[in-house]
Amino acid sequence: MNDLLLYDKEIVCLNCEKKFKTKRVRASKIVVKKKDSDFCMYYEGEINPYYYEINVCPHCSFAFSASFKSLRPAVRENLRKNYLERAGQVDLCGKREIADALRSFKLALLCGTLADENTFNLGGICLRIAWLNRYLGQKEEEDKYLDKALECYQEVYEKVDITSLPLSEHKLLYLLGELNGRLGRFTETRAWFNILFSKRGIEPALNTLAREQWDEYKTAMANAL
Ligand SMILES: [Zn+2]
């Protein structure tokens, strides 16, 4: 039954340009159970769409998401020397368990970094790795990757034209406050939420969520004193 949720999608590798088929999840069949305050989703059943977000080419082992851009000649040599030559055979095109999903995201983080992929995409990959570790109850690894995601998103906020992103400025500010809160950095949480609350026209659901989270972190901060 669960296998009916999956289908084969044909992909063209951004590196070697060969075609291959990899599994995808039928979005219409997916039921969300709950969502964490940093937008990590939980799904009914064992099939999870996160597990299938990364394509890993079975010909050359390049790992990438649908948001990766095509590779510039300048990064190809870097990628070849530092990853492709030593990657060996990787087969992640079939049904994936959580360990396969983690491996695919870590390969995509490495490939994306070597290929000079944009910081927003790299932040999204780090956040996914943190969430998969949360599913597994591995708090130390979760925090390590929340921290990396935070570093990326902070750089995005400071250096990138936010209007070019698939995420609003308000949501990005919320995430900067929320991820700091999860890592116990309450002074930074307050600073980011203050910037968010000073903005006009915050979407009501996001405003409510941010107020709730800030209340929670204020209490945690008071208890930590
Ligand atoms: Zn390839």
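This is a predicted model: local features need pLDDT of at least 70, side-chain atom pairs count only at pLDDT 80 or more; totals for chains, interfaces and linings use all residues.
Residues are numbered from 1 along each chain as its sequence is written, and side-chain values use heavy atoms, with hydrogens and water left out.

The secondary structure comprises 7 helices and 6 strands, which are DSSP runs numbered from the N terminus (helices, H or I, of at least four residues; strands, E, of at least two). From the N terminus on, the elements follow the order β-β-β-β-β-β-α-α-α-α-α-α-α. The radius of gyration, taken over C-alpha atoms, is 19 Å, close to the 17 Å given for 225 residues by the globule rule, so the protein is as compact as a globular protein of that length; the rule is 2.2 Å times the number of residues to the power 0.38. Along the principal axes, the C-alpha atoms fill a box of roughly 55 × 45 × 35 Å.

The domain assignment, which is automatic or from a database, gives domain 1 (2-152) and domain 2 (168-225). Their centres, taken over C-alpha atoms, are separated by 28 Å, and the contact (heavy atoms within 4.5 Å) takes 13 residues from domain 1 and 13 residues from domain 2. Between them the domains bury about 1,100 Å², 71% of it on carbon and sulfur atoms, buried area being the accessible area (1.4 Å probe) that two parts lose on being put together, summed over both. In domain 1, Ser 37, Phe 39 and Leu 150 lose the most area to domain 2, together 57% of what that side buries.

The structure holds 17 salt bridges, each defined as a side-chain nitrogen of Lys or Arg within 4 Å of a carboxyl oxygen of Asp or Glu. One of them joins Asp 38 to Arg 134 (2.7 Å, N to O), linking distant parts of the chain, with Asp 38 in the loop between β3 (32-35) and β4 (41-43) and Arg 134 in helix α3, 96 residues apart. Between domain 1 and domain 2 the count is 2 salt bridges.
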